[in-house]
Amino acid sequence: MKSTVETLSPTRVRLAIEVPFVELEPSLKKAYREIASQVQIPGFRRGKVPAAVIDQRVGRAAVINEAIQEAIPAQILAAVREHDVKMLGRPELETFPEIQDGQPLVFTAEIDVRPEITLPDLSTIEISVDELQIADSEIDDQVSGLRERFATLKTVERPAQEGDYVQIDLAATVDGEEVPGGSATNISHEVGSKQLLPGLDEVLVGLSAGDSATFVSQLVGGDFAGRDADVSVTVRTVKEKQLPELDDEFAQLASEFDTLDELRDDLRERVTRVKKVEQLYAARDKALAELVKVADVPAPEGVVREEVEHRKEAMTDQLERIGASLEEYLAAEEKTEEQIDTELTDAATEGVKIQLLLDTLADAEEVQVSDDEFGHEIMHRAQRAGVQPQQYYDQLVRAGTAGAVFGDVRRGKALALVMERIKITDSAGNELNMDDLRGGSADEHDHDHDH
C-alpha cells in the first residue's frame, strides 16, 4: 500500500491511497466466504459454494466490490498510522472507488484531524463574575415559600375569592350530549390558578357552597377536541388558606431550628451556597470561552456536523418520549428548523472547540486518570441513569463509548487545572479562588458539564 497525505486546512487532510490488487487477497477470500454463507445454490451446502460457482452466479465484480468495501476502512487506518494523522470523526470518501479485476485499488478520503493548538499561559487569563449579593427580600421570599407549604385550609361561609380552595363537581356537554370522561366530582381546585378548564376561574369567583354556574370552554382532547362545550360547575365547599404566624413557633414547625432568626440564617446559607455554585459555573463557562478565543481554536467541520446530528437525534428522541414531535416543538417555540439547526451548530462548534482545547491541555500537562477516578465517574453516571455500575459499564463497553467517558474525566481534570491557575475576580474587584467559589459545594463535579 502506498499513501500520501495532503493538508487541506488546520483541521482537515486528504489521504490518497493506492493498494496493489495482490494485497486485497485476504479481503477477497473473506468476501467469497461471506457470499457463500448467504447464497443458496442447488447442489451445494450453504457456505460450501466454490469461488468459480459464485463468480458464475453472483459475478466476480460483485465479489470485488464486497472485498473493497471491507478493505477500505483497514487501508485508511493503516495510512493514518503511517503518517501519524491525529484522526477525529469518520473518514469521508470523495467517491466510492471502482476497480477492474487485477488492477490496484486507488481512492482518496478526507479526514478531520486534531489541530495544533498553542496554549496561552493560564496565569495570564483573567475573568470576572458577578459579585455575590443576597438581599433581605430574597430571604423573605424563601420564608414565604416555606410559610405557603405549612398553610392550612379552613372552611368559610362566604362566596369564593381568588386564592381560595374549592371542592367542585364538573360536567361537560356538547349540543346536549355528555362528553365521555367530561364529568368529575369532588375535585379540589385553587381559584385563580388556571389549572383546570379555561373560563372556570372566572365563574368560580362569587360562588358559595351549594351554588352552580355554567360556562363555555373549548375541549382540548377526546372525541370532541376543538369543540365548544357547555360546562356546569357546582361548588361543594369554599376553604380559605390561612398562613401560620411568622414567629419562633413557626420556625420550630417548619425546621429543626428554635427561633425564626436561626431559620433565616440557615436559609441565607442555603441561598449563598446556590449562588456560589452559579458563580462557579459562570466562571467555568467564561474561562473556557476566553481560552478558546485566546488560543484561536478551530473547529473541524465534519466533527461538528456529526455532533449536530447526534444532538438533533437526542432532541427528537426526548420529544418523542413525552409524546411530542419536532414540528410541535418548533411551533411552540415559534422557530424554524433552520433556526434550531443554527443554534445546535453554534453550540456544537463551541463544545467541540472546548474539547479540543482541554485535550491539548491534558496532553501538555500529562494528565493521568486513575482507576478510582474512572470508577467514581462510572458510579456517578450509573446512579443518574438508575442502573447498577457494572451494568452501566458493560453497556458502555458494548457501545464502544467507555473511551469517551474516560476522555470526559481527563478533560474534567484539565478543566480543574484551568480553574486553579487563572485569575478570577468579582464585579466588586475581589479576587476569588476555587475554595471561595466551591463554598461548601465540594461534591459538585467540575467535569460534569454538557458541552
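Helices (H or I, at least four residues) and strands (E, at least two) are DSSP runs here, numbered from the N terminus. The model is predicted, so to speak about local features takes pLDDT of at least 70 and side-chain atom pairs count only at pLDDT 80 or more, while totals for chains, interfaces and linings use all residues. Residues are numbered from 1 along each chain as its sequence is written, and side-chain values use heavy atoms, with hydrogens and water left out.

Q: How far apart are the end C-alpha atoms of residues 158-215?
A: UniProt places "domain: PPIase FKBP-type" (unreviewed entry) here. Over residues 158-215 the chain is 48% strand and 9% helix, and its end C-alpha atoms are separated by 21 Å.

Q: Which strand gives the largest share of the lining of the second largest pocket?
A: A pocket is an open set of points on a 1 Å grid over the protein atoms alone, with protein on both sides within 12 Å along at least five of seven lines; a cavity is a set where a 1.4 Å probe fits but cannot get out, and lining residues have an atom within 4 Å of a point. The second largest pocket has 19 lining residues, with V179, G181, G182, L197 and L219 nearest its centre. Both β7 (165-174) and β8 (177-190) supply at least two of the lining residues. The largest share, 7 residues, comes from β8.

Q: Which strand gives the most to the lining of the largest cavity?
A: The lining includes R12, I111, D112, G302, V303 and E306. At least two residues each come from β3 (87-93), β4 (105-113) and α8 (301-321). The most, 4 residues, come from β3.

Q: How are α7 and α13 oriented to each other, roughly parallel or roughly perpendicular?
A: Helix α7 (residues 260-295) and helix α13 (residues 402-421) pack at about 95°, with axes 11 Å apart. The contact (heavy atoms within 4.5 Å) is made by L280, A283, R284, A287, L288 and L291 of α7 with L415, V418 and M419 of α13. Angles of 65 to 115 degrees count as roughly perpendicular, under 35 as roughly parallel, over 145 as roughly antiparallel and the rest as oblique. The two helices are therefore roughly perpendicular.

Note on methods
Axes are lines fitted to C-alpha atoms, for helices over the stretch in contact, and angles run from 0 to 180 degrees between N-to-C directions. UniProt positions are given in the numbering used here, feature names are shortened, and annotations may be inferred rather than shown by experiment.
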